[in-house]
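Subject: Structure handover

Hello,

Here is the structure for you to look over. My notes follow below it.

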Amino acid sequence: MSYFEELDLPMDRYLEAHASTEPDILKKLRKETYQKTTQPHMISGYLQGRLLSILSKMITPKNILEIGTFTGYATLCLAEGLSEDGKIYTLDKNEDLAYIPQKYFQQSDYASQIEFILGDAAHTIKNLDIIWDLVFIDADKENYENYLQLIKPKLKSGSIILIDNVLWYGKVLEEHPNNKATQQIKLVNKIVTEDPDFENLILPLRDGIHLIRKK
Ligand SMILES: C[S@@+](CC[C@H](N)C(=O)[O-])C[C@H]1O[C@@H](n2cnc3c(N)ncnc32)[C@H](O)[C@@H]1O
């Protein structure tokens with residue numbers, strides 16, 4: 001039985017029925033993502049989106065970094081918590097889909113607070129001389145360790161990192177010596193747990209979100 005077949009679907013429905021409603025702009029964005037993209041499952045889920053929004057509101061960050069914009073759903077969820085003078089920098093390399101996030105960012109209440117940067121994320125991060133209050137890593141899994149190493153010097157005490165898909169459909173419990181994504185996710189989960197500069201736990205929501213705080 002696969003990881004997803006084991007999920008308790010009635011419980012998922014219960015959880016969704018007891019979470020805040022997503023703003024209308026996000027409903028439209030989700031619909032367009034399913035109509036116009038070939039991998040719509042990459043979008044953050046409804047519950048994950050509300051989690052990102054609430055965590056961001058708890059932190060009221062000045063500077064947020066998102067690695068992996070896709071159609072901009074999580075960007076807009078994270079932006080909900082920005083401080084008045086705050087900014088979210090969201091990075092993606094997919095130029096073909098860029099028109100979707102660009103359109104929704106323009107329509108949103110946060111248009112002036114979103115910097116959407118196209119290009120290779122590692123290259124962009126190196127050029128951003130910013131201390132991050134909140135980071136969401138949700139791009140190519142093969143580069144997760146690289147992203148963590150690039151970001152760590154740009155954190156302050158209390159900064160939060162969220163890393164998505166850290167259970168990798170349950171593959172983290174198995175040996176996958178030839179699967180680079182699985183190896184990277186397992187390695188990053190281990191590095192974070194053993195790093196005395198971090199406190200952390202994995203939230204078992206959806207495909208697992210690593211919640212990390214810089215001490
Ligand atoms: C899972 S999706 C992001 C989903 C989005 N955060 C959300 O919650 O809706 C991953 C994205 O990472 C982007 N990506 C993959 N490798 C990248 C790289 N090296 N640099 C920048 N973006 C990359 C892909 O183009 C894709 O849009």
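**What was found**

Pro101 sits in helix α5 (residues 99-107). Helices (H or I, at least four residues) and strands (E, at least two) are DSSP runs, numbered from the N terminus.

Before going on, two points on the basis. Residues are numbered from 1 along each chain as its sequence is written. This is a predicted model: local features need pLDDT of at least 70, side-chain atom pairs count only at pLDDT 80 or more, and totals for chains, interfaces and linings use all residues.

**Two residues**

Is Pro101 buried or exposed? Pro101 counts as buried because it has 24 C-beta neighbours inside 10 Å. The cut-offs: buried means 20 or more other C-beta atoms within 10 Å of a residue's own, exposed means 12 or fewer, and partly exposed is in between, with C-beta atoms placed from the backbone. Leaving aside neighbours within four places in sequence, Pro101 is in contact with Thr69, Thr71, Gly72, Thr75 and Phe116. Contact means that the C-beta atoms, placed from the backbone, lie within 7 Å. Glu80 is 21 residues from Pro101 in sequence, and their C-alpha atoms are 16 Å apart.

Lys171 is in the loop between β5 (155-164) and α8 (180-194). Lys171 is partly exposed, because 16 other C-beta atoms lie within 10 Å. Beyond its neighbours within four places in sequence, Lys171 is in contact with His176 and Thr182. Gln183 is 12 residues away along the chain, with 9.5 Å between the C-alpha atoms of the pair.

**The sheet**

Seven strands form an open sheet with mixed pairing, in the order β3-β2-β1-β4-β5-β7-β6. The edge strands are β3 (114-118) and β6 (198-203), and each pairs on one side only. Two strands pair if DSSP finds at least two bridges between them.

- β2 and β3 are parallel, with five bridges. Tyr89 has Glu115 in β3 as its bridge partner.
- β5 and β7 run antiparallel and are joined by five bridges. Leu162 is partnered by Leu211 in β7.
- β6 and β7 pair in the antiparallel sense over six bridges. Their hairpin has five residues between the strands, and Arg206 there takes a positive phi near 55 degrees.

**Helix packing**

Helix α3 (residues 46-59) lies across β4 (132-137), β5 and β7 (209-214), at about 170 degrees to β4. Axes are lines fitted to C-alpha atoms, for helices over the stretch in contact, and angles run from 0 to 180 degrees between N-to-C directions.

Helix α7 (residues 144-151) packs with α8 at about 35 degrees, their axes 8 Å apart. By class, the residues of this contact are six nonpolar, one polar and one charged. Ala, Val, Leu, Ile, Met, Phe, Trp, Tyr, Cys and Pro count as nonpolar, Asp, Glu, Lys and Arg as charged, and the others, Gly among them, as polar.

**Core and ligand**

The largest nonpolar core has 48 residues, and Leu78, Ile137 and Ile163 have the most contacts inside it. Such a core is a set of buried Ala, Val, Leu, Ile, Met, Phe, Trp, Tyr and Cys residues joined through C-beta atoms within 7 Å. Helix α4 (residues 73-79) gives the most to this core, with six residues.

Which residues come nearest to the ligand? They are Ser44, Gly68, Ala74, Ala121 and Asp140, out of 17 around it (C-beta atom, placed from the backbone, within 6 Å). The shell has eight nonpolar, four polar and five charged residues.

Note on methods
Two residues are in contact if their C-beta atoms, placed from the backbone, lie within 7 Å.
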